[in-house]
Amino acid sequence: MSAHLERLVEIALRDVLDPEIGRSVVDLGLIYAIEAAPDGAVAITMTTTTRGCPLAGFLKEAVAIAAGAVEGVTSVVVTLTYEPAWEPVMIAAE
């Protein structure tokens, strides 16, 4: 179930758009990891395009809300990291 839940969360995160770029956080490569425990607890590790991104709080909250809306998710913890640093090559091809 954990891998299935992780996939469902990833799909939900495709609806979270970076308002400056207009692409999803998944397509931009901002989501580094999604880990789901058997009890439905989800841990997401993500980054922003720059260390001083003024939208970091907004994006982190939007990711938590989107993940929390997935059926089977019981809790969500979103951790922001800058290791490795985000680079434009992480953007998925359109």
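Strand 1 (residues 31-36) and strand 2 pair in the antiparallel sense, over five bridges. Strands here are DSSP runs of E, at least two residues long, and helices are runs of H or I, at least four long, numbered from the N terminus. Two strands pair if DSSP finds at least two bridges between them. This is a predicted model: local features need pLDDT of at least 70, side-chain atom pairs count only at pLDDT 80 or more, and totals for chains, interfaces and linings use all residues. Residues are numbered from 1 along each chain as its sequence is written, and side-chain values use heavy atoms, without hydrogens and water.

Strands 1 and 2 form a hairpin, with four residues between them. Glycine 40 sits in the turn and has a positive phi of about 95 degrees. Isoleucine 31 stands opposite methionine 46 in strand 2.

Now follow strand 2 (residues 41-46).

Next comes the core. A nonpolar core is a set of buried Ala, Val, Leu, Ile, Met, Phe, Trp, Tyr and Cys residues joined through side-chain atoms within 4.5 Å. The largest one has 24 residues. Val42 and Ile44 are among those with the most contacts inside it, and so is Ile31. Helix 1 (2-13), strand 1, strand 2 and helix 2 each supply at least two residues of this core. Helix 2 gives the largest share, five residues.

Methods:
Buried < 20%, exposed > 50% of the residue type's maximum accessible area, 1.4 Å probe, protein only.
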